[in-house]
Amino acid sequence: MAPPPPSRKPVAKDRFSALFSALKTQTYHDPSTRGPGSHTIRTIAWNPTGYLIATGSADRTLRIWNPEKPQVKNSTELRGHTGAIERVAWNPVKEAELASVSSDGTCKLWDVRSKTCTASVPLGGEGLTIAWSGDGNLVLVGRK
């Protein structure tokens, strides 16, 4: 079971700019892209512990990134979708379980530790969005 997420405190409007101006951005570049616009990231999500990032792209690329090592050689590609990945969502209580939906009409569950697809469910249409229940026992999927 994942540790509880850190508590979040509201930020006053007048402090917002000063607080976030000190933060830096990080670019994640994938040299294996297939041409202009083909590797457009369509979805991005942190895992519950904040140690991994999942991205899904128009070119069917599903990647797991370590935010401390943004080079593509340090990322993991999960293969299995045959269409654009529309959304990814981490299980809120299992830090290594990821769900993805794709325009290929499937929802896939992944174990990112073993880099395997543990389930694939046909949706009867193109996948559009996905969300986990708070206890991590159910996945809700929307389709086109």
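This is a predicted model: local features need pLDDT of at least 70, side-chain atom pairs count only at pLDDT 80 or more; totals for chains, interfaces and linings use all residues.
As a matter of background, the strands of a sheet pair through backbone hydrogen bonds, either parallel or antiparallel. Here, β5 and β6 pair in the antiparallel sense over five bridges, and A89 stands opposite A99 in β6.

Stepping back to the whole chain, the protein contains one helix and ten strands, and, read along the sequence, the elements follow the pattern α-β-β-β-β-β-β-β-β-β-β. Of the 144 residues in the protein, buried residues make up 35%, while the accessible surface comes to about 9100 Å², with 54% of that surface belonging to carbon and sulfur atoms. Among the contacts between residues at least 6 apart in sequence, 39% join residues that are at least 24 apart.

In soluble globular proteins, nonpolar side chains tend to be buried together. The largest nonpolar core in this model has twelve residues in all, namely A45, A54, L62, I64, L78, I85, V88, W90, A96, L98, W110 and V112. Strands β3 (62-65) and β5 (85-90) each supply at least two residues of this core, and the largest share, three residues, comes from β5. Apart from this core lies another, of eight residues, among them A89, A99, V101 and C107. Returning to the largest core, one of its members is A45, and, leaving aside residues up to four places away in sequence, A45 touches L52, I53, A54, V88 and W90.

A last stop is S102, which lies in strand β6, a strand made of residues 97-102. Is S102 buried or exposed? S102 counts as buried because its relative accessibility is 0%, and buried means under 20%. Its side chain reaches the backbone nitrogen of D104 at 3.0 Å.

Notes: Residues are numbered from 1 along each chain as its sequence is written. Side-chain values use heavy atoms; hydrogens and water are left out. Helices (H or I, at least four residues) and strands (E, at least two) are DSSP runs, numbered from the N terminus. Buried means under 20% relative accessible area, exposed over 50%, partly exposed in between (1.4 Å probe, protein chains only). A polar contact is a pair of N or O atoms within 3.5 Å; within protein, one must be able to donate a hydrogen and the other to accept it, and residues adjacent in sequence count only if both atoms are side-chain atoms. A nonpolar core is a set of buried Ala, Val, Leu, Ile, Met, Phe, Trp, Tyr and Cys residues joined through side-chain atoms within 4.5 Å. Contact means heavy atoms within 4.5 Å. Accessible areas come from the Shrake-Rupley method with a 1.4 Å probe; for residues, only the protein chains shown count as cover. Two strands pair if DSSP finds at least two bridges between them.
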